[in-house]
Amino acid sequence: MFAVILLCLFSWSLQGVCGSVFVSESVMEGDSVLLSVNITETQRRDGIMWTYGPNSIPISKLKPDNKYIYYNGTDGMFRDRLKLNETGSLIITDIRIKHSGLYYIATTSQEKPLKIFDITVYTLLPVPVISNSSSNSVLYCSMLCSVMNVAHVSLSWYKGKSLLSSISVSEHSNINISLHLECLDDSYTCVINNPITNQTQHLNTDVCHKCPDFSENFICKCGFTEAVIRLVLSALEPGLVLG
């Protein structure tokens, strides 16, 4: 079956591969996932087979006499995780990263799949850790945001809602991203995300000094200047009434 899929990749369409309906879905590790189909009575009488992966390993079967058969898969990866319902849909419980991949449903008399599911399973994300990496310098603040043992994620620094920098990885690895500031002039956050979830860590304002508020200084100076001008005018023209 996999050879058939490869040949059909060149004729990809909204209807899937070689006329088969194609569904792509991203889920979180630990979820229960429904691979939804609605087989006809003719297909039910023929019997259906669910297979998994590039080698089309059988994982469950609905026989013409309505008996359900479940297979454990390679190294027992599907043991006690599968359930078929009356529509022919397959439920995978407590799905894990290792269950990512292609799932096919076909009748027992035809090799061409009725429907293909591309399932991507993402793990729960850790909260990023922000550490101060400054070297006793009072001229700037240097921060390092880190996460350990993650895959298929992006790690980013934000100033308010504006993206400052970002790094992405696909394979499992430890990643970090740095941020250098002269002073804090806004809220800064480090965000790790994948296509379906994210975790955020806020930069603690205690680790870096705030920028001077020039607007307040300007107001104070203007007020002082105005007072001096009024005093000088009063001295020059005692009878002048200032508005």
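**Cysteines, charges and rings**

Author: Start with Cys 208: this residue is buried, with a relative accessible area of 4%. Buried means under 20% relative accessible area, exposed means over 50%, and partly exposed is in between (1.4 Å probe, protein chains only). This is a predicted model, where local features need pLDDT of at least 70, side-chain atom pairs count only at pLDDT 80 or more, and totals for chains, interfaces and linings use all residues. Residues are numbered from 1 along each chain as its sequence is written, and side-chain values use heavy atoms, with hydrogens and water left out.

Reader: Which residue does a disulfide join to Cys 208?

Author: Cys 141, with an S to S distance of 2.0 Å. A disulfide here is a pair of cysteine sulfur atoms within 2.5 Å. The pair links distant parts of the chain, 67 residues apart: Cys 141 is in strand β11 (residues 141–150), and Cys 208 is in the loop between β16 (197–202) and α3 (214–236). Helices (H or I, at least four residues) and strands (E, at least two) are DSSP runs, numbered from the N terminus.

Reader: Is Cys 141 buried or exposed?

Author: Buried, at 6% relative accessibility.

Reader: How many disulfides does a search of the whole structure find?

Author: Three. Another one joins Cys 145 to Cys 190, S to S 1.9 Å. Cys 145 sits in strand β11 and Cys 190 in strand β15, 45 residues apart. Both Cys 145 and Cys 190 are buried. There is also a disulfide from Cys 183 to Cys 211, at 1.8 Å.

Reader: Where are Cys 183 and Cys 211?

Author: Both in loops. Cys 183 is in the loop between β14 and β15, and Cys 211 is in the loop between β16 and α3, 28 residues apart. Cys 183 is buried at 17%, while Cys 211 is partly exposed at 23%.

Reader: Left-handed or right-handed, the disulfide of Cys 145 and Cys 190?

Author: The torsion about its S-S bond is about -90 degrees, so this disulfide is left-handed. For Cys 183 and Cys 211 the torsion is about 95 degrees, so that disulfide is right-handed.

Reader: New topic. How many salt bridges?

Author: Five. A salt bridge needs a side-chain nitrogen of Lys or Arg within 4 Å of a carboxyl oxygen of Asp or Glu. One of them pairs Arg 81 with Asp 94, the closest N and O atoms being 3.4 Å apart.

Reader: Why does the pair of Arg 81 and Asp 94 tie together parts of the sequence?

Author: Arg 81 lies in the loop between β5 (68–70) and β6 (82–84), and Asp 94 in the loop between β7 (90–92) and β8 (101–107), so the pair ties together parts 13 residues apart in sequence. Arg 81 is buried at 17%. Asp 94 is partly exposed at 35%.

Reader: And the rings? How many aromatic pairs?

Author: Four. Rings of Phe, Tyr and Trp (its six-membered ring) pair if their centres lie within 6.5 Å; planes under 30 degrees apart count as stacked, over 60 as edge-to-face and the rest as tilted. Tyr 52 and Tyr 103 form a tilted pair, 4.8 Å centre to centre with 45 degrees between the planes. Both Tyr 52 and Tyr 103 are buried. Phe 78 and Tyr 103 have ring centres 6.2 Å apart and planes at 80 degrees, so they are edge-to-face.

Reader: Which residues do ring pairs link into a cluster?

Author: Tyr 52, Phe 78 and Tyr 103.
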